Amino acid sequence: MSRSIKKGPYIDNKLLKKVMKQKETGVKEPLRTWARSCTIVPEFVSHTFMIHNGKVFNKLFVTDDMVGHKLGEFSLTRTFRSHGGKKK
Amino acid sequence: MPRIAGTDIPSDKRIVVALTYFYGIGSSLSRKILKELNIDENIRARDLHEDQLSILGAHIGKNYNVEGQLRRQELQNISRLRSIGCYRGYRHRLGLPVRGQRTKTNARTRKGRKKTVAGKKGIKEMR
């Protein structure tokens, strides 16, 4: 068993609390968050998040397939300006 | 040449080695399988009994993911990554290394053959 399994998934407590609150009240507004390292747990499914990439918040609607990934995987931090093309 | 589980035809090598000709079976898994079935590793593949062959085939087919099935599953995993829009999927789409390797140099397996970029060494003159 690897150490990371023993430690269990990292879930941002504040974020989880906010999600549970939304579940109770029924409102589903995008949640702003900086917790990119937070694992997506089944409770997050069909909620919307605004994930910070260091500059702006990217919107993400969580679906079933995304469970087990981290939030940060869905908010890219680098911009790639393509190579090639003629210089002006 | 003996035939195990469908289309595979391992040669007349020792059976441990012959099994590794399957896609999805390496030397350690091969050894494990033979141990589970109590078959001597050192028998040549051609010297195996008919019934040993059929047992092997059934065992592998039942318990392990090999060949086409494994390939299909791998493709499925990749297409899942692509479709959910995560970073790993994005790297797959671009055909760049997925696990954080450097791309300034190397990464030729993913990027394909070298494409020479004019003026790359003399970066000063660019822009």
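**Chat on chains A and B**

Me: How many salt bridges are found across the interface of chain A and chain B?
Reply: Zero by the rule, which wants a side-chain nitrogen of Lys or Arg within 4 Å of a carboxyl oxygen of Asp or Glu. This is a predicted model, where local features need pLDDT of at least 70, side-chain atom pairs count only at pLDDT 80 or more, and totals for chains, interfaces and linings use all residues. Residues are numbered from 1 along each chain as its sequence is written, chains are lettered from A and ligands numbered from 1 in the order written, and side-chain values use heavy atoms, without hydrogens and water.

Me: How many residues does each chain bring to the contact?
Reply: Chain A brings seven and chain B eight, contact being heavy atoms within 4.5 Å.

Me: Switching to H2 of chain B, which residues are buried?
Reply: Ser30(B), Ile33(B) and Leu34(B), in the helix spanning residues 27–36. Buried means under 20% relative accessible area, exposed over 50%, partly exposed in between (1.4 Å probe, protein chains only). Helices (H or I, at least four residues) and strands (E, at least two) are DSSP runs, numbered from the N terminus.

Me: And what is exposed on the other side of H2(B)?
Reply: Ser28(B) and Lys35(B).

Me: What do the buried ones pack against?
Reply: Helix H1 (15–19) and helix H3 (50–63) of chain B.

Me: What about Thr33(A), buried or exposed?
Reply: Buried, at a relative accessible area of 5%. Thr33(A) lies in strand S1 (residues 31–33) of chain A. Beyond its neighbours within four places in sequence, the contacts of Thr33(A) include Leu15(A), Met50(A) and Phe57(A).
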